[in-house]
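The points below are grouped by topic and can be read alongside the structure.

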Amino acid sequence: MAKNTHRAGDSCQAVSVTNLHRTFKLLFQHRADDSRVGLENKKSESEKPESQVDVFIVGAGFGGIGQAYALRNLGLSIKIIDSLPDLGGTWLTNTYPGALSDTESFVYRFSWDKEDLQTYPWNRRYLRQPEILAYLRHFAEKHDLRKNMEFNTEMQSAIWDEESHVWEIKISTGQTFRARYFITAMGILSKANLPSIPGISTFEGIVAHTSHWPNNLDVTNKRVGVVGCGASGVQVITKIAPSVASLTAFIRHPQYTLPSNDRLITPDYRTWANENYDRIWEQLKNSLIGFGYVESNRPFFSVDPSRRQQLLEDLWNNGNGMRFMVEHYCDITTNEKANEVVCDFLRNKIYQIVKDPEKARKLVPTELFARRPISNDGYYETYNRENVSIVDLKEAPIAEITSNGLRTEDGTVHELDVLVLATGFDAVEGNLVRVNIVGRGGKNLKDAWVNGPKSYLGSFVAGFPNMFMVNGPKGAFGNVVPAVEASVEFITHAIERAEAVREKNGSQGIVEATQEAEDEWGLVCENAAKENLFNKLKNSWFTGGNIPGKALGVRAYFGGLGSYRAIGISATKDTWNGFRPFS
Ligand code: NA7
């Protein structure tokens with residue numbers, strides 16, 4: 001045992017190098033050559049004939065499925081690829097124990113198929129990962145979308161052919177597709193953030209990233225370390241703590257997290273949702289964040305202090321992280337003084353719940369309540385367990401991974417069998433700049449975005465004709481499903497328009513945002529975010545600051561889902577403002 005070694009919990013045999021470990025090594029290896037994590041590319045076969053397709057979609061999660069659904073009756077040929085072994089995207093791979101959505105179940109689904117909305121089963125207020133994945137599979141199968149999909153297949157490059165006005169897309173099977181429309185649906189939380197920790201490949205236990213959780217990983221009676229305490233870390237810690245031998249949470253910046261208050265729904269609740277879907281979607285599509293409830297327009301300091309406290313208590317007992325932020329007050333994320341009062345409320349909750357004052361101290365955030373809020377099923381209570389400990393990485397940063405654990409700079413080796421990286425994502429544009437996408441004049445998307453990603457309406461990029469992004473950078477902040485739907489609507493309008501031009505002129509219609517429109521949309525996003533405290537926290541995935549070297553900046557439109565839809569639908573259906581003239 002190394003000097004100062006801290007043996008976390010009861011002894012248990014260290015697992016040997018397993019397939020999982022090898023998978024994870026592969027994952028790191030892939031990172032080095034900048035490929036999608038966790039998957040072995042199919043071998044390129046030499047020279048295969050080119051294939052023609054009307055629409056080529058990359059990604060088979062909510063975005064790709066939604067886009068394919070919207071295009072299914074237009075008479076276009078569609079090809080969808082995904083580097084993963086099945087559809088589902090984020091919800092296929094984030095299978096870590098405890099993975100939970102915090103959007104009301106009745107609106108964490110597509111709005112388009114009313115019969116399906118009213119009949120598809122769900123029985124809890126919030127959906128767990130397996131239920132979301134099952135829903136996506138069901139939706140794709142019901143609408144016969146699988147027939148267009150090919151899995152374990154990665155896009156390697158997409159290059160705009162200026163002469164013939166098609167995209168030439170090379171994929172990992174060795175095939176080349178020529179497509180009239182190229183659509184990215186690669187997800188905003190899909191490229192794992194794998195921190196560079198010295199020695200990680202020497203670890204003889206198992207390393208798992210929450211976003212690519214190995215199917216057969218059993219942590220029962222293991223000594224587990226978890227690095228990171230965002231939504232993924234909080235959920236996995238809470239879920240596995242009772243069954244592991246020991247759990248060590250390595251925390252750099254603790255975040256605020258609230259009870260999810262998840263519960264079984266009653267038959268009446270389901271009946272209410274079924275009977276009110278029209279009104280529900282109408283409200284949601286015109287709301288700020290589209291989570292399935294009415295957001296407040298009450299300023300925090302308009303309420304007297306005792307009532308204020310009562311409302312916060314009510315939110316703690318009945319809401320969840322997101323509800324807490326927006327349901328009773330409209331300015332928690334814009335009024336710093338209000339935010340501070342809320343922070344004090346939440347800090348007091350931690351001190352009340354966590355019995356060990358030292359653990360409580362390490363769990364109390366010092367920053368504003370201005371990250372994507374987290375919901376949990378008893379996170380703070382988990383720290384009252386004897387087998388759960390905390391290492392404050394600000395006091396003792398990670399020095400290296402050793403063969404048997406994690407050594408912090410104070411010299412302690414925390415012995416582990418399993419190291420869980422809950423370290424989040426190279427979010428938003430991470431996957432888009434990983435691959436070679438080349439538009440007009442040989443302009444590479446990665447170069448175009450060297451100072452941060454840009455778009456018009458989160459879906460169009462100047463210089464990249466007939467390339468469309470489902471929920472790309474500077475798309476709407478909020479419930480991802482209606483944000484995806486809005487983007488899908490804009491893209492579908494664009495394709496319909498290009499097809500109409502093609503029919504009329506006999507030559508390919510081109511939809512392309514102007515540089516001015518893209519610049520202006522960038523300013524609109526800046527202005528909408530100006531007051532928002534989310535953008536003050538420079539180390540979160542919202543600003544890009546969680547990834548060393550990534551350009552900092554606003555990556556979403558914070559002006560509200562309602563106005564996002566209104567602006568985008570008007571631009572892509574009526575005015576065509578912001579697009580180059582159609583020939
Ligand atoms: P997050 O929210 O980005 O959290 C990642 C966590 O990992 C966070 O606590 C980070 O600490 C920590 N982290 C990242 N790199 C390191 C290193 N090198 N050392 C120590 N700690 C590290 O990702 P999640 O997956 O939890 O959630 C993402 C979204 O998914 C969430 O917002 C929901 O919308 C769903 P830091 O704060 O940087 O100190």
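Predicted model: local features only at pLDDT ≥ 70, side-chain atom pairs only at ≥ 80, totals over all residues.

The buried residues of helix α10 are covered by elements that include β11 (257-259), α8 (305-318), α9 (321-326), α11 (357-363) and α12 (379-382).

**Helix α10**

- Helix α10 takes in residues 336-353, and its 18 residues should span 26 Å at 1.5 Å a residue. The C-alpha atoms at its ends are 26 Å apart, which agrees with that expectation.
- The buried residues of α10 are A338, N339, V342, C343, F345, L346, R347, K349, I350 and I353.
- An α-helix has 3.6 residues a turn, so residues three or four places apart point the same way.
- At the N-terminal end, α10 is capped by N335, with a side-chain oxygen 3.0 Å from the backbone nitrogen of K337.

**N339, a residue of α10**

- N339 is part of helix α10 and counts as buried because its relative accessibility is 0%, under the 20% limit for that class.
- The side chain of N339 comes to 2.9 Å from the backbone nitrogen of F369.
- Not counting residues up to four places away in sequence, N339 touches I332, T333, L368, F369 and L533.

**R372, a loop residue**

- R372 sits in the loop between α11 and β12 (374-376).
- With a relative accessible area of 25%, R372 is partly exposed, since that class lies between 20% and 50%.
- The side chains of R372 and D102 are joined by a polar contact of 2.9 Å.
- Apart from neighbours within four places in sequence, R372 contacts D102, F291, M322, F534 and F542.
- R372 and Y256 are separated by 116 residues in sequence, while their C-alpha atoms are 9.6 Å apart in space.

**Strand β7 and its partners**

- Strand β7 (residues 176-184) is largely enclosed by the rest of the structure, because 9 of its 9 residues are buried.
- Strand β2 (residues 51-58) pairs with β7 in the parallel sense over 7 bridges. Within this pairing, S51 stands opposite F177 of β7.
- Strand β6 (residues 166-171) pairs with β7 in the antiparallel sense over 4 bridges. E168 has R178 in β7 as its bridge partner.
- A hairpin is formed by β6 and β7, with 4 residues between them. In its turn, G174 has a positive phi of about 95°.
- Strand β19 (residues 467-469) runs parallel to β7 and is joined to it by 3 bridges. I183 has F468 in β19 as its bridge partner.
- In a regular strand the side chains alternate between the two faces of the sheet.

**Ligand site**

- There are 20 residues around the ligand, of which C229, S232, R252, H253 and W541 come nearest.
- A backbone N or O atom of C229 lies 2.9 Å from a ligand oxygen atom.
- A polar backbone atom of A231 is 2.9 Å from an oxygen atom of the ligand.
- The side chain of W541 has an N or O atom 2.9 Å from an oxygen atom of the ligand.
- The ligand taken alone exposes 780 Å², and the protein buries 87% of that area.

Note on methods: Residues numbered from 1 in each chain as written. Heavy atoms only, no water. Buried < 20%, exposed > 50% of the residue type's maximum accessible area, 1.4 Å probe, protein only. Helix = DSSP H or I, 4+ residues; strand = E, 2+ residues; numbered from the N terminus. Pairing = 2+ DSSP bridges. Expected span 1.5 Å × (residues − 1). Contact = heavy atoms within 4.5 Å. Polar contact = N/O pair within 3.5 Å; in protein donor to acceptor, adjacent residues only side chain to side chain. Near = heavy atom within 4 Å. Areas by Shrake-Rupley, 256 points an atom, 1.4 Å probe, with all protein chains shown as cover.
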